[in-house]
Amino acid sequence: MTKPNLSWRTRMELTDSLNALLIDTANTLKGSERRRFMARTVQQLGPGGQRRAERELGWNRQTIRKALRELSSGLICLDAFTLRRRKRAEEHLPNLLTDIKAIVDSQSQADPQFRTTRLYTRLTAAEVRRQLIAQKGYTDSELPTERTIAGKLRALGYYPTKVAKTQPQKRSQRPTLSSIK
């Protein structure tokens, strides 16, 4: 009677020092090189290697699956992290910042005491948005929200403030104790 082949059941033992080495190595690698290392390690772990790597090494199973697909097919998936962000308003509307400056410059003033380099303007973000539509020909749907325009104003160095009206000075003097009698 021959012994059944049990080689598929053999598992690689992970000691604490081996765990630390695998984790450190994976952390030093980036992108497809890291995934290739993870896939090879999971293959060496044997059956249930994905779950063991997740549990004992803290690796993400989705990343491991992607790595195994890359290793078996020979194709490398591009990460394209730079393409994952939301595009800024200036990328959609290249003249937006210059148009905002053109509108706000005539309505702004520097700090009267020259303590800061801020430019104070009487225009709110809502008013700037309305003027962009009226003067510069933008449509309501293509312009960003008031909140975004307020952020652009701050980034350009403009700070919307209410201009306090001057109060007339009172000419009468305050009554003194000696004049009350």
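Q: Below what relative accessible area does a residue count as buried, and what is the value for W59?
A: Buried means a relative accessible area under 20%. In this predicted model, W59 falls under that cut-off and is therefore buried. Its relative accessible area is 5%.

Q: Which residue forms an aromatic pair with W59, and is the pair stacked or edge-to-face?
A: One aromatic pair is counted here. Its ring centres are 6.2 Å apart, with 65° between the planes. Planes over 60 degrees apart count as edge-to-face, so that is the label here. W59's partner in this edge-to-face pair is F37.

Q: How many residues apart in sequence are the parts that this pair ties together?
A: F37 belongs to helix α2 (residues 31–45). W59 sits in the loop between α3 (49–57) and α4. The pair therefore ties together parts whose separation in sequence is 22 residues.

Q: Where around α3 do its buried residues lie, and what arc do they cover?
A: Buried in α3 are G49, R52, A53 and L57. They are on the same side of the helix, because around the axis they cover an arc of only 100°.

Q: Which exposed residues does α3 carry on the face turned away from its buried side?
A: The buried residues of α3 pack against α1 (16–28), α2 and α4. The face turned away from that buried side carries the exposed residues R51 and R55.

Q: Is R61 buried or exposed?
A: R61 is part of helix α4 (residues 61–73). Leaving aside residues up to four places away in sequence, R61 touches Q50, R51 and E54. Its relative accessible area is 18%, so R61 is buried.

Key
Residues are numbered from 1 along each chain as its sequence is written. This is a predicted model: local features need pLDDT of at least 70, side-chain atom pairs count only at pLDDT 80 or more; totals for chains, interfaces and linings use all residues. Side-chain values use heavy atoms; hydrogens and water are left out. Helices (H or I, at least four residues) and strands (E, at least two) are DSSP runs, numbered from the N terminus. Buried means under 20% relative accessible area, exposed over 50%, partly exposed in between (1.4 Å probe, protein chains only). Contact means heavy atoms within 4.5 Å. Rings of Phe, Tyr and Trp (its six-membered ring) pair if their centres lie within 6.5 Å; planes under 30 degrees apart count as stacked, over 60 as edge-to-face and the rest as tilted. The arc is that of the directions from the helix axis to the C-beta atoms.
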